[in-house]
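This briefing covers fold order, overall dimensions, the nonpolar core and strand pairing. The structure comes first.

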Amino acid sequence: MSHTVKFMYYPEQEDVRRIIADIRWRVSRQGDHSGTDIVRFPTNEVFDNEDAAMAYIKQHDRGNYDGIAVKFRDFSTVQDTIQIKKLRYKISATLTKKDEYIHTHSVKTRKPIYISCPCCGSKLNKDRLSSNICPLCRTDLRSPSVLQKIKAFDEKIKDYETAIKKEQLKRKGEAEIQWLVKYEYHC
Ligand SMILES: [Zn+2]
């Protein structure tokens, strides 16, 4: 016995009664055919992007198969500006660098055959390890500085993503407004 959370998208112009009817129809076809019955439209706010709409839904979820619909600006059909293209390129270049770094700093590349786990003290044969994790205590065997560097790559990517969202907002008017609707069914 469990429940599944789902999201649907509808154009802003869609009749709200049709949205509710469609959600009920979807619930009736999935799981054990029970779940969201009422869809709420708690705010007139149009969120700047899907992430902000999702965050609002999570914050205002009353549980018990609550259906919630909010509007957000969808930039997926808006053409990227040169600035955004540059940022996307930087993201993919950073991802490549991160992958290379992870590869070259794997415990497999260490010279000694045996590695001792800093947490549980086990002596591990590096050739038998399938990952960088101690199979006994699940501790990451890479050094704190390596882990820090990997985190720094992720933070850099996050910064670029934030910059893209900021850039997109300069062209708010071109984005299509959509409904994001969260519903649940029992299964
Ligand atoms: Zn260990």
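From the N terminus, the elements follow the order β-α-β-β-α-β-α-β-β-α-β, with 4 helices and 7 strands in the protein. Helices (H or I, at least four residues) and strands (E, at least two) are DSSP runs numbered from the N terminus. The model is predicted: local features need pLDDT of at least 70, side-chain atom pairs count only at pLDDT 80 or more, and totals for chains, interfaces and linings use all residues. Residues are numbered from 1 along each chain as its sequence is written.

**Overall dimensions**
- The radius of gyration is 23 Å, whereas a compact globule of 187 residues would have one near 16 Å (taken over C-alpha atoms; the globule rule is 2.2 Å times the number of residues to the power 0.38).
- Of the 187 residues, 16% count as buried (20 or more other C-beta atoms within 10 Å of the residue's own, with C-beta atoms placed from the backbone).

**Nonpolar core**
- The largest nonpolar core has 15 residues (buried Ala, Val, Leu, Ile, Met, Phe, Trp, Tyr and Cys joined through C-beta atoms within 7 Å).
- α1 (16-29), α2 (50-60), β4 (67-74) and β7 (176-186) each supply at least two residues of this core, and the largest share, 5 residues, comes from β7.

**Strand β7**
- In β7, 8 of 11 residues are buried.
- β7 pairs in the antiparallel sense with β1 (residues 3-11) over 9 bridges and with β4 over 7 bridges (pairing requires at least two DSSP bridges between two strands).
- P11 stands opposite Q178, and A69 opposite V181.

Key
Buried ≥ 20, exposed ≤ 12 C-beta atoms within 10 Å, placed from the backbone.
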